[in-house]
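Please have a look at the chain before reading on.

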Amino acid sequence: MSNAQAPTYFDWVKPDDIRADHPIGNDFVQFAKNISRDELFAHQNRLFKRMLKRAWMTPFYQKLWGEQGIETGDIKGLEDLHKLPIYDKSDIMASIERKPPFGDFSALETYGDNQPPVKFHTTSGTTGKPQVLIFGPKSREVQNLLLARLYTLQGIGKGDIVHSVYGHGPINGGHYVREAVTHWTQAIFVSAGTGVETRSVKQVEMMRDFGATAIVGFADYIKKLAKIAREAGIEPGVDIPVRTISGHMGREDKASVSEMWGGAECYDWYGVGDTGAIAGEGPDQDGLYVMEDAQYLEICDIDTGKAVPDGQTGDMVCTCLYKDDVYPIIRFNTHDVSAVRTGKSSLDLNFTRIEGFLGRSDNMVKLRGINIFPQAIGPLMEEIDAFGGEFYCKVDRDAAGRDEMTVVAECKAPTDDILVPKFEALLKEKLGLGMAVKLVPMGSTSDTTQVDVRQKPIRLVDTRFK
């Protein structure tokens, strides 16, 4: 056995090279302002060609592309990307079944004795069985930098105390958020986790005691913490000096979260476990900027997979241009729905903007010709003060084959008979579709939504196919 020291994770990272391709802080702002769309495409194409070489060495793509009759010379660059098939989580899970337990998409064996160290995590399993995630050192740190770039753009940095409510364990989210803040910003990171990892009342006490100035996490739990704080006699925005909240929220969530936290600025960003951060808001809060120097994002028709015009909704299909070491990602269908925002950036950044997360196409319910995304229901109901903040949608099929949705919502006054018609009228006005509303006492949906233990609460219970 050789006595030579094997290269460590840090030897593989080469941060100067990473920053050259993916600037951060003010360097990023200047880069995004000054680069032309043609120059940006050339930058993307250079990275794509480098990643493509690694993909052709990967058994997963050899099978996926080979079955379509695609050969190496068929794909010259990004201009040929549309020739490659779109894949999704089901293909990754099939890869794991073919070659358990880690699948055949990492291609670590192609490195021989010079295999890089990797990080292993899983997804949360929100849409089924948790998925294996394998990260190489270089691409992991680019992923970390991209999220830190968004946090920096949103004003989080030196002097901030960042309270994180992302989960840990095998799940990727909490670990990668911690790495983004601690590796690429000068903020102090408090890793609180979910309500199971650190009790909610303890979390708000920690936020008060450590002087939290920023919260990062999912909107549902962040809203719950504001309620817990007030119940404990701790006033958000006063006893806890939070000024910035960055997480996963729609426009309606932003307004309610800000109000609950004393007027804190709220920012949205989007990414999934496989890809890392794809897009996020800047200080203009006018759409989410796609990190186009690292991510090539397509908005594709949910049914056909074809590109849709700007402004129309579709599945987000992502190619991670930086993943040229382990698990290349080329045309991965997230099944999350968004749309390109048209018009010019008020920050003069020459990067595409999207509307953010609008729902999941594989969690979408079609009722009488109208697409309903369960995640969007709660923010609509917040227009009525009696809404308690927690809910889920139950879909049933009656004996005549007609599909019906019932919104089960927590209410501060569930026995008030006047409220049910008000909620039903509100949803019909907003969605153009009638549906039943069932009001229940505060806290009574938690067994179904699992809001205390899941980063992404369950919002749909579909009984039609059981």
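The notes below cover the basis of the model, then salt bridges, a helix and a strand residue.

This is a predicted model, in which local features need pLDDT of at least 70 and side-chain atom pairs count only at pLDDT 80 or more, while totals for chains, interfaces and linings use all residues. Residues are numbered from 1 along each chain as its sequence is written, and side-chain values use heavy atoms, with hydrogens and water left out.

**Salt bridges around glutamate 179**

- The structure holds 28 salt bridges, each being a side-chain nitrogen of Lys or Arg within 4 Å of a carboxyl oxygen of Asp or Glu.
- One of them pairs the side chains of glutamate 179 and lysine 119, at 2.8 Å from N to O.
- Because glutamate 179 sits in helix H8 (residues 172-184) and lysine 119 in strand S1 (residues 119-122), this pair ties together parts that are 60 residues apart in sequence.
- Helices (H or I, at least four residues) and strands (E, at least two) are DSSP runs, numbered from the N terminus.
- Glutamate 179 also forms a salt bridge with arginine 140, with 2.8 Å between the closest N and O atoms.
- Glutamate 179 is buried, with a relative accessible area of 3%; buried means under 20%, exposed over 50% and partly exposed in between (1.4 Å probe, protein chains only).
- Arginine 140 is buried as well.

- Glutamate 383 and lysine 430 form a salt bridge whose closest N and O atoms are 2.8 Å apart.
- Glutamate 383 is in the loop between helix H12 (377-381) and strand S17 (387-397), and lysine 430 is in helix H13 (residues 419-431), so the pair ties together parts that are 47 residues apart in sequence.
- Lysine 430 is partly exposed, at a relative accessible area of 38%.

**Helix H8**

- From first C-alpha to last, the 13 residues of H8 reach 18 Å, close to the 18 Å expected at 1.5 Å a residue, taken as 1.5 Å times one less than the number of residues.
- H8 is mostly covered, with 10 of its 13 residues buried, including Tyr176, Glu179 and Trp184.

**Isoleucine 245**

- Strand S6 (residues 244-248) contains isoleucine 245, which is buried with a relative accessible area of 0%.
- Beyond its neighbours within four places in sequence, isoleucine 245 is in contact (heavy atoms within 4.5 Å) with residues including Ile215, Val257, Trp261 and Tyr267.
- The C-alpha atoms of isoleucine 245 and phenylalanine 218 are separated by 9.8 Å, and the two are 27 residues apart along the chain.
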